[in-house]
Structures are given as structure tokens and as C-alpha cells.
Amino acid sequence: MSTETLPIIPPNPVEEFLRTDRMPHIWCPGCGIGTTVNCFVRALLGSKTDLTKLAVVSGIGCTGRVAGYVNLDSFHTTHGRAIPFATGLKLANPKMTVVVYSGDGDLFAIGGNHLIHAARRNLDLKVICVNNLIYAMTGGQTAPTTPGDVITSTAPYGTYDPAFNLPYLCEAAGAVYVARWTTFHVMQLAKSMREMFSKKGFGFIEILSPCPTLYQRRNKMGDGLDAMKFYKQVSKIKHGTPTAEVGLTKSGEIIVGKFVDRERPDYTSMMQEHFQQELGDKYIKVEEPVCS
Amino acid sequence: MHADPTGVLTGSHFMDGDHACCEGALAAGARFAAGYPITPSTEVVERFSQRAPKVGGTFIQMEDELAASITILGAVWGGVKAFTVTSGPGFSLMMEHIGYAVMTETPCVFINVQRGGPSTGLPTLPGQADMMQARWGSHGDYEIIALCPNSPQECFELTVKAFNLSEKYRLPVFVMLDEVVGHMTEKVVIPAADQIEVEPRHFTTKDPESFRLFQPCGEEQTPEMARAGDGYHLHVTGLTHDERGYPNMTPPMQDKLVKRLCTKIRDNVSKITITDQHEVEGADVVVVSYGITSRVAERAISLAKQKGIKVGSLRLITAWPFPDHVIKAIAPNVKGLVVPELNLGQMVREVERAAAGRCRVLHVPHAGGTVHDPQVILKAIQEVAR
């Protein structure tokens, strides 16, 4: 019996960026996190970023698992603390590009304090926040991003407390780059990520992403495909919209686009310039990590 | 390996324990600290913030202790030696990252200048009541190392030692001083750099294809280290993981990993532990103490000797791992052990456990806020000697 030769399929260009030995991943059918990772990798494909010098830091939650699937230096940290871990990594090893990739609950509830302080300092961190409007890993509890009038496992009669408007919060705290897209806007999202990677300072991209299993099911909002149709129907691209006006509701308009793109000196530049001025020749600048 | 002279302030100094800890960290090669102000520990990072820019180091004041305790771990994976400093309430906030450092085998140092607790307690006054928290404060099974200086000179020496042990065994090491030692000013002699032994970070020399981040190596069964940015595509997680660092949440992997995290210390207890013994041979009573309490015990011991009591002293320089073997060797030969400490009963439980009924163990408790009256320790010595 002759051996049948399988046709050679050109490998998917994103594969080399993934830990394919860890597939299948844990995400549910219809989940948008995989789409965001695809956009992330495509953004890297088209950028000049040195991948050896790129680290991904995640917290805990569904999006927190991204760090485990990208074939880069990747750190799956504790709940809410991806940003302070990334802060240490970046300051110790200033040539690294450090991407914080985590979810809305991780970054804005338990980790909210760290996020606003990193934005205030204008640390050179690239924050990608996948917002599925819910705590998904733990079974669909209310998040600080859950809009009003939504059923969650801890709000069985519906939510009533106001949600954070993430772009508004990040702009107020000092981010130099703020954008929002949905997982329907894959081309715009990849382009936006590329733009953020090339900009020094604290950048923030919010990505609205479906959670069919724990958000949509309880709220009779259909499956992953229905979420795409919903995003397509209600999203409006309005670059430069004042962030105060981009708050989200359960079924209302989703304003997407680039909202903030401004210049502020980043933390490391400010620190180095300040010490140079104050200490002159006595100042020893950290170029590379020294470990003796 | 010898210390890098850049960070070594060689000479004779008149300095307090907090400042001496900072000089110890610099001598050990620490070039990164993150902290959040808290009395009575703040002077350590105040000094570091002044010294760091002149030695190629970085200091960042974080928004809280949760942040500080993981910022240092990010810095370690970035490729430097790093530490943080705190006291009781901040130490409580740092517990999660002690567990993360243990699980990810991140070498790092935590300095805790103990004050009276619980809660806000006595911010400016001494205590020794975080000893069990240092050992057991984070969740899960694990081992750590804790050192207890009793003078500014030892603050310097034991901070260097703490960094060395953290690199050797790949875990968080604690320097557990207290407010009195932290604020006590004495002579501190810092040797020349070539007289200070420093454990280098054991970076792997393997290529990225053959390197496994958590593969046990050498006698201590600790993995080799790598840093971000060198092409190893590291994956580090607090989840139960295999030798590649990939999550593997199965009972056999849990068994293998957690047992190794513990045995790397448990199998080396006699190598790690340091005690200071005086006149234990032939003694009827031995005073077991650590940190500032050992200085007070010295007075009580000398008063007891004047009364003709055969009394020796055992000072625990390493509180954790606990030197069971030392207590086991002493217990059958004495009437009893006297254990003064600035808490209502912490290390005494270890002494009792190791003595296992072979001699009397008398605790001399103190809720903290000041040191013991030596007369109280003397009374306990007299009672045991009777």
C-alpha cells in the first residue's frame, strides 16, 4: 500500500507568533479574544517591532490567558497586577516593548488603581483591554463595565450601578493614545495597534468583544455571529469624539475610533532628563539590565 | 563572586538598621527597588532613592504595597536584582506576591521592619509578631527563608545574605527586623567589595531551543534563570506548570511541582540555617531568642550568671526554615528553654515542636510597643533553673 502524500498547505502567517503546542485554547466558540489575538499578531507582522524585545504581560481572567498562547516573552501574573509587573519589567529593561493584554475586570476593577497611576506617570506601556462587559472566567458576574439593565449571575434582577467609560477614564488619567474598536473591526483594530506600538507613552485600546456563553446567553442576545451583526449595526466610527461622550449602554450606539493621540513626555524620558539635570556626571543611566 | 564595587560604600559608618539594610542590598547587587511609604521602614527606600541614580539603579514609589511587591518581580524577570521594604499593614498586602514569587521561583528580597499589630497597631513602636505571617501568610504549601538581624551591622550583612540565598534557592527571602533594630544607630563596617561574597544570578547558557525554564538543575534542584529580551520566549505563570512553564493543572503535576518547591529548602535546612550559640554546653537553661529580643536577653543572661545559674544562649539568625536539628540537640541536655519574643506566642511553638517534650519550654510573651524588661526574662530563667 502506497503512502498518501498530504498536500502542503501554506502555514498561516500568524502561527509562528503562537505557541501552537498549547492549542486548543480555552476560549468558547464565538468568543472574541482569539480575534483580538489574530489582530495583535497581524499588527506585529506589519510593524518594525523587534519581537525578541517584545513582552506580553497579562493578569487573570479569560483575556489573561493571552500571555500563555503568544510565542513571545510572556507573563501570566496575578489578578489586577499586570500593570505593576509590566512597570518593573519596563524600568529594569528599558529596551523592551511591553504590552499589557488583559480584560476589563482585571484592568479596571481589581487593577484600576494601577492603571490610572501608570497612565498618570505616562509609562511606556501598550495596554490592550478586551472588554466583554462581564467576569467571564468565573461564570458571568457583574463587572465595573457591565452596562445597566443587564442580567448577570450576581445581578439576577438586573444591574443598576453605573459602568465605567474606559476611554474617558484613561484620557483623564493621562494616556497619550486612546482608541476603541470591536472585534468586528479587525482591519481598523490591527492598524490601531500598530499605531499605538509606534507611539511612546501610555497607550490604551479598548476592544468590545462578545461573550456568548455568559453575557449574551443570560440576556437573550444570541451567539457570536449575532454579536458581530450587532456590532456592525450599532457601531459608528467617529474619530476624535470627546471621550466623555463615548459611554456604552446595553443596546445603544457604540462609538469607535481613535479618540486621543497627544504628546506628553514618557516616564523614563522625564526621569532620565531630570536626573541628568540634577546629578550631572554622577548620574548612571540604566541602558541595559545589570545583574552582578 | 565578589560584590560589584559600584554599590559598595566601603568604610566605617554610624548608621541605623534601615539605612544599613539599603547598603546591604546595594552591596548584594540590587539595582531596583519599588516601595510604598510605611513607618518604621521608609528610611530604607529613602536612602535607596538617593543612592540609586548614582549606581545605575532604579527606584519607583508605587501606588500601594500590592503594586510594589509585584513591580519588583517584573524587574527581576527584566534582568536585575530587586527588593521591596515594608512593615505590618504593607506586609499583609504583599502576601499574594510572595506566593507568586514562590510559584514562579523569582529570586527577590522583602525587608519587613516589624511594628506592633494587628492592623494599624503601633506604627512607630516595635513588634515581632509577623514571624508566622512571613512563614505562612500566602496561600498554599511553600517554603521561604527568613533572617533576623539584631544590629545595624547585621542588617547590612544579612541583607547581603538574603539576596545570596534568594539567587541560590530561587525564592523570596525575608529580612525580619523590627522598629528598634531599624532605628538603632550603631557602628556599621562595610568591607571592601572584594571581601563581600555575592551569589550571582545563575543565567542559563543553554540555547533557546534546549532551555526549559523550570527544569530542576544542580544539587539544590533549582532551575536556571533567564530574562526577558534574550530570545528565550519565556512563559511564566502562577498556575501549576510544567518544566516549560506551561500551565498543567493536573494532580500529578501539582504533586511534582509543589513538592520540589518545598524540598529544595527542606532538604537543605542544615545548610541554610544559621544560629549563634553561647555557653550552651553544660547549661541548665538556654534562652532562645532572635532580633532585638536577643539583645535584651543578653542582659538577663548576665544577671542570671551573677546569681550562679548555668545559662546559655541560642540566637536564631535564621527563623525560617526553623533549625529543628539545633533544638533537638540541645533539648535533652537542659532543664528548659526560655523563649522571649515580642508577640504572644509565635516562634515558641516551633521551639516546643522541635523540643518535643524533651525539656521544659517557657515562653516570655510581650505584646510589643517596647522591648522586654530584662528582669522578666531573668525571672523565667530562674523559674526554669529551679
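His76(A) stands opposite Thr237(B) in β10(B). This report concerns a predicted model. The pair belongs to a strand pairing that joins the two chains: β2(A) and strand β10 (residues 235-237) of chain B run in the parallel sense over three bridges.

The contact between the chains involves 38 residues of chain A and 45 residues of chain B. On the side of chain A that touches chain B, the elements giving two or more residues are β2 (73-76), α2 (82-92), α4 (112-121) and α9 (267-279) of chain A. The largest share, eight residues, comes from α2(A). By class, this side of chain A has 18 nonpolar, 14 polar and six charged residues.

Helix α2(A) is largely enclosed by the rest of the structure, because eleven of its eleven residues are buried. Among them are Ile83(A), Phe85(A), Lys90(A) and Leu91(A).

Within chain B, strand β2 (residues 30-35) is mostly covered, with six of its six residues buried.

| Partner strand | Sense | Bridges | Bridge partners |
|---|---|---|---|
| β4(B), residues 81-86 | parallel | three bridges | Ala33(B) and Phe83(B) |
| β3(B), residues 58-61 | parallel | four bridges | Phe32(B) and Thr58(B) |

From β2(B) the chain crosses to β3(B) through helix α2 (residues 42-51) of chain B, and this β-α-β crossover is right-handed.

How values were computed
Residues are numbered from 1 along each chain as its sequence is written. Chains are lettered from A and ligands numbered from 1 in the order in which they are written. This is a predicted model: local features need pLDDT of at least 70, side-chain atom pairs count only at pLDDT 80 or more; totals for chains, interfaces and linings use all residues. Two residues are in contact if their C-beta atoms, placed from the backbone, lie within 7 Å. Ala, Val, Leu, Ile, Met, Phe, Trp, Tyr, Cys and Pro count as nonpolar, Asp, Glu, Lys and Arg as charged, and the others, Gly among them, as polar. Two strands pair if DSSP finds at least two bridges between them. A residue is buried if 20 or more other C-beta atoms lie within 10 Å of its own, exposed if 12 or fewer, and partly exposed in between; C-beta atoms are placed from the backbone. A crossover is right-handed if, with the strands pointing away from the viewer, the path from the first strand over the helix to the second runs clockwise.
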